[in-house]
Amino acid sequence: MSLLNDAQQNAVAELLRVSPVADELGRRFGAAGHELHLVGGSVRDALLGRLGDDLDFCTDARPEQTLTLVHGWADAIWETGREFGTIGIQKNGLRIEITTFRAEAYDGVTRNPVVSYGTSLLDDLSRRDFTINAMAVSLPGHEFTDPFGGVQDLAAKVIRTPATPQASFGDDPLRMLRAARFAAKLQFTVDESVISAMRDMAADLDRITAERIRDEFTKLICSADPLAGLRLLVDTGLADRFLPELSGLKLEIDEHAQHKDVYEHTLIVVTNAMRLEGDDSPDFVLRMAALMHDVGKPATKAVGRDSRVSFHHHEVVGARLTKQRMKAMKYPKDVTSDVVGLVALHLRFYGYGRGEWTDSAVRRYVTDAGPLLSRLHKLTRSDVTTRNRRKASALAADYDALEDRIARIEAEEDLAKVRPDLDGNAIMELLGVPPGPIVGQAWRYLKELRLDRGPLDHDEAETELLKWAREQGHIS
């Protein structure tokens, strides 16, 4: 046990003030002869002044005993984590998880933990990932337990493991990724011994399922300082195990064929995108697109006779690589589609400033982006990382002009719902054809015409359709 200073006592008191159900729950368990402790991230967040509405507790009561104690008291109960010793409840708007003391073990081969119940609070805390997550407050007694110096590590803003890093990561290799995630979330420094173990044991991450890696990585990307976590993943080799495209951005730069550092450029783009998120923060789709937008460059790098480096069609290759990687990480199809779409479109804007874009090109830009247009605006602006102020200002002015032009055309036309000027029924009636491939071909032709020329009046649309149908041999 360790004594709390005044600031720490105030933090715990504040926790219990905003969460009066904690003491009430503790009394219910105590009356039945069981221990109950607020534990882990809830204690950490309380000490940091970041407590949310999710509270974690641990107890010596078994799941079936916990169910008996909360039945009739909780507003709602769920048992989805029961096989791991966890019972979930809701009370007064708080989401609470109560987990039986555990002593997890991993056989070093399979991907899933073997869960056995522990016998004491100390056993439970010793199995946790980091010292800052290995503190507890008893209820209703409010006795603070910190056997591994979590308070000191919080004050020092450092991430360490209760056991040796090798033992901790050997139990669950996902903890290496969690170290990077907490560094990003809390903006803490990872202890050198932990970093060394991450380098040595990076290959052990292969034991973890894609879904668990995906969830941790998503939290990292959506954290307060994802760059710190991303750098740690690359520097320790963890990124090579599940996102090798990120490390691959570190292209070799020689004195004869120089180009900007693509890896550093990418991290700046992620930072820029975060600044533009606004009320959508954190926007995983935008951040992931910023991270992946140039992953096609290594495969498309070419050096010309003048020693200039080019990456022709890297957006096409990058979109394909992004789709493959996110599929491997088991991201939902709609999320993957949005990120891939942004990567594929991120270069479309360049060239607009040369005055080559017609209204038709603007319509296609908006139509191809569809619901991603707002994010595409942000990604395109974020991609400007040049230190040349004149060039940066010119690009910003060009994009301002494009957005103004989009707004003007949208005021005249409904660009969000570009459709042919004749629908399928009108096409069939005019051409005298039944439903089938000809109707689809005609519809697509009229849509292309609509994009090229803008809205057509009804007679003009019919004239163009008949002309097309004759040229295609569909009517005489």
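Me: Where is the place of His142?
Reply: His142 sits in the loop between β6 and β7. Helices (H or I, at least four residues) and strands (E, at least two) are DSSP runs, numbered from the N terminus. The model is a predicted one, in which local features need pLDDT of at least 70 and side-chain atom pairs count only at pLDDT 80 or more, while totals for chains, interfaces and linings use all residues. Residues are numbered from 1 along each chain as its sequence is written, and side-chain values use heavy atoms, with hydrogens and water left out.

Me: And what is the phi of His142?
Reply: His142 has a positive phi of about 65 degrees, although it is not a glycine.

Me: Which peptide bond is cis?
Reply: The bond from Leu139 to Pro140 is cis, with omega near 5 degrees. Pro140 is also found in the loop between β6 and β7.

Me: Changing topic: what is the order of the strands in the open sheet?
Reply: The seven strands of this open sheet follow the order β3-β4-β5-β2-β1-β6-β7, and their pairing is mixed. Two strands pair if DSSP finds at least two bridges between them. At the edges are β3 (76-78) and β7 (144-145), each of which pairs on one side only.

Me: In what sense do β4 and β5 pair?
Reply: Strand β4 (residues 86-91) pairs with strand β5 (residues 94-100) in the antiparallel sense, over six bridges. Ile87 stands opposite Ile98 in β5.

Me: What about β2 and β5, parallel or antiparallel?
Reply: β2 and β5 pair in the parallel sense over six bridges; Asp54 stands opposite Arg95 in β5. By contrast, β1 and β2 run antiparallel and are joined by three bridges. The bridge partner of His37 in β2 is Cys58.

Me: Which strands does helix α3 lie across?
Reply: Helix α3 (residues 41-48) lies across β1, β2, β6 (136-138) and β7, at about 60 degrees to β1. For such angles, axes are lines fitted to C-alpha atoms, for helices over the stretch in contact, and angles run from 0 to 180 degrees between N-to-C directions. Contact means heavy atoms within 4.5 Å.

Me: Now the helix pairs. At what angle do α8 and α11 pack?
Reply: α8 and helix α11 (residues 226-236) pack at about 150 degrees, with their axes 7 Å apart. They are therefore roughly antiparallel to each other. Angles under 35 degrees count as roughly parallel, over 145 as roughly antiparallel, 65 to 115 as roughly perpendicular and the rest as oblique.

Me: Which residues make the contact of α8 and α11?
Reply: Leu177, Ala180, Ala183 and Ala184 of α8 meet Pro226, Ala228, Gly229, Leu232 and Leu233 of α11.

Me: How do α22 and α24 pack?
Reply: Helix α22 (residues 424-431) and helix α24 (residues 458-471) pack at about 60 degrees, with axes 11 Å apart. α22 and α24 are therefore oblique to each other. In their contact, Ile427, Leu430 and Leu431 of α22 meet Glu462, Leu465, Leu466 and Ala469 of α24.

Me: Last topic: how many aromatic pairs are there?
Reply: The count comes to four aromatic pairs. Rings of Phe, Tyr and Trp (its six-membered ring) pair if their centres lie within 6.5 Å; planes under 30 degrees apart count as stacked, over 60 as edge-to-face and the rest as tilted. One of the pairs is Phe130 with Phe182, whose ring centres are 5.8 Å apart and whose planes are at 80 degrees, so the pair is edge-to-face.

Me: Where do Phe130 and Phe182 lie?
Reply: Phe130 lies in the loop between α5 (121-126) and β6, and Phe182 in helix α8 (residues 174-186), so the pair ties together parts that are 52 residues apart in sequence.
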